[in-house]
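Thanks for coming. I will go through the charged pairs and then the nonpolar core.

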Amino acid sequence: MDLLDTREAIHAGLLTPQGKILFEFFVVKTPAGYLLETGLSQTAALAKRLAMYKLRAKVDVKDAGGEVVVAVSLGDVRARPQGAIAFVDPRSD
């Protein structure tokens, strides 16, 4: 998560103990906290899994799949609509 101090987004994953990929997602730091973007069909399962790990931490894990719209732009992310969160895909140049 410290990488978000120098990068606008990170590509991350949640694995089984054997190394099998359960979820892959992007993490973005916002003024309200952290936003994780994953496939819509995976949002509820990811939120449930992350809630298992929070234990006594003062963290709210919420599935916002119905509240947030995700779009891909092949153009310049600097020319984004007002209030939009945009980032360049950190997996490649």
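Lysine 29 is partly exposed, at 45% relative accessible area; that label covers everything between buried, under 20%, and exposed, over 50%, with a 1.4 Å probe and protein chains only. This is a predicted model, in which local features need pLDDT of at least 70 and side-chain atom pairs count only at pLDDT 80 or more, while totals for chains, interfaces and linings use all residues. Residues are numbered from 1 along each chain as its sequence is written, and side-chain values use heavy atoms, with hydrogens and water left out.

What does lysine 29 pair with? It forms a salt bridge with aspartate 5, with the closest N and O atoms 3.6 Å apart. A salt bridge here is a side-chain nitrogen of Lys or Arg within 4 Å of a carboxyl oxygen of Asp or Glu. The two residues are 24 apart in the chain: aspartate 5 lies in the segment before strand S1 (10–15), and lysine 29 in strand S2 (residues 21–30). Strands are DSSP runs of E, at least two residues, numbered from the N terminus. Aspartate 5 is exposed, at 58%.

The whole structure has two salt bridges. Aspartate 89 and arginine 91 form one, at 2.6 Å between the closest N and O atoms. Aspartate 89 is partly exposed at 29%, and arginine 91 is partly exposed at 49%.

Now the core. The largest nonpolar core has seven residues, including Ile10, Phe25 and Val27; such a core is a set of buried Ala, Val, Leu, Ile, Met, Phe, Trp, Tyr and Cys residues joined through side-chain atoms within 4.5 Å. S2 gives the most to this core, three residues.

Terms used
Helix = DSSP H or I, 4+ residues; strand = E, 2+ residues; numbered from the N terminus.
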